[in-house]
Amino acid sequence: MAKLAKAVERNPRAKGEAAQLAHMAMEAGRPELGRQLYGRALAAIDRSDALWRSVVWNYGWDLYRAGDHEGAFEQWRALMESRSVTASWMPPTMALALWSLDRKEEAVQWYAAAVRTEPQLWNTTATFARLLPEWLDTERATLAEVQAAWA
């Protein structure tokens with residue numbers, strides 16, 4: 001952490017280091033510092049930068065886990081809308097975010113998209129731990145609520 005802080009201090013354009021430090025700050029319960037550092041990292045990169053997607057993705061998760069579901073949704077929506085992205089992460093992640101925002105119908109629609117795309121994976125909650133290993137148990141439980149509403 002100290003090495004990252006020094007790198008950011010020495011080089012204001014140390015975007016990767018700033019993003020890593022932002023993630024660490026958010027995990028440590030310092031969301032304002034995390035937001036500031038993520039803002040700094042994102043200001044130094046644009047959508048064509050290879051780092052942009054991972055920074056936006058991680059920022060979304062850090063915001064979600066800090067309780068800012070709207071902020072997380074906005075990060076993931078920006079990522080989804082960039083460069084015609086099509087990825088398997090979109091339906092379950094957007095369903096999670098929308099359910100958490102009490103936008104239940106939209107969440108179920110996104111979950112239905114996951115089932116239509118890969119029915120053998122999303123028809124049941126039994127595969128969630130394998131499919132979503134980095135999700136917290138509470139996040140998988142929330143997605144299970146979406147799945148139940150879909151079913």
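What follows covers helix contacts and then a pocket.

Me: What should I know about the model and the numbering before we start?

Reply: This is a predicted model, so to speak of local features takes pLDDT of at least 70 and side-chain atom pairs count only at pLDDT 80 or more, while totals for chains, interfaces and linings use all residues. Residues are numbered from 1 along each chain as its sequence is written, and side-chain values use heavy atoms, without hydrogens and water.

Me: At what angle do H2 and H3 pack?

Reply: Helix H2 (residues 15–27) and helix H3 (residues 31–43) pack at about 165 degrees with axes 8 Å apart. Helices here are DSSP runs (H or I, at least four residues), numbered from the N terminus. Axes are lines fitted to C-alpha atoms over the stretch in contact, and angles run from 0 to 180 degrees between N-to-C directions. That makes H2 roughly antiparallel to H3 (over 145 degrees).

Me: Which residues meet there?

Reply: Lys-15, Ala-18, Ala-19, Leu-21, Ala-22, His-23, Ala-25 and Met-26 in H2 meet Pro-31, Leu-33, Gly-34, Arg-35, Leu-37, Tyr-38 and Ala-41 in H3; contact means heavy atoms within 4.5 Å. By class there are eleven nonpolar, two polar and two charged. Ala, Val, Leu, Ile, Met, Phe, Trp, Tyr, Cys and Pro count as nonpolar, Asp, Glu, Lys and Arg as charged, and the others, Gly among them, as polar.

Me: And H6 with H7?

Reply: The axes of H6 (residues 90–100) and H7 (residues 104–117) come within 8 Å and cross at roughly 165 degrees. That makes H6 roughly antiparallel to H7. The contact of H6 with H7 has 13 nonpolar, no polar and two charged residues.

Me: How does H6 cross H10?

Reply: H6 and helix H10 (residues 137–150) have axes that come within 9 Å and cross at roughly 90 degrees. That makes H6 roughly perpendicular to H10 (65 to 115 degrees). From H6 the contact includes Pro-92 and Trp-99, and from H10 it includes Glu-139 and Val-146.

Me: New topic. How much space lies in the largest pocket?

Reply: About 320 Å³. A pocket is an open set of points on a 1 Å grid over the protein atoms alone where a 1.4 Å probe fits, with protein on both sides within 12 Å along at least five of seven lines. Points are joined across faces, edges and corners, and the volume is the space filled by probe spheres set on them.

Me: Which residues lie nearest its centre?

Reply: Trp-57, Trp-61, Leu-132, Glu-134 and Trp-135, out of 18 lining residues (an atom within 4 Å of a point). The largest share of the lining, five residues, comes from H4.

Notes:
Helices (H or I, at least four residues) and strands (E, at least two) are DSSP runs, numbered from the N terminus. Angles under 35 degrees count as roughly parallel, over 145 as roughly antiparallel, 65 to 115 as roughly perpendicular and the rest as oblique.
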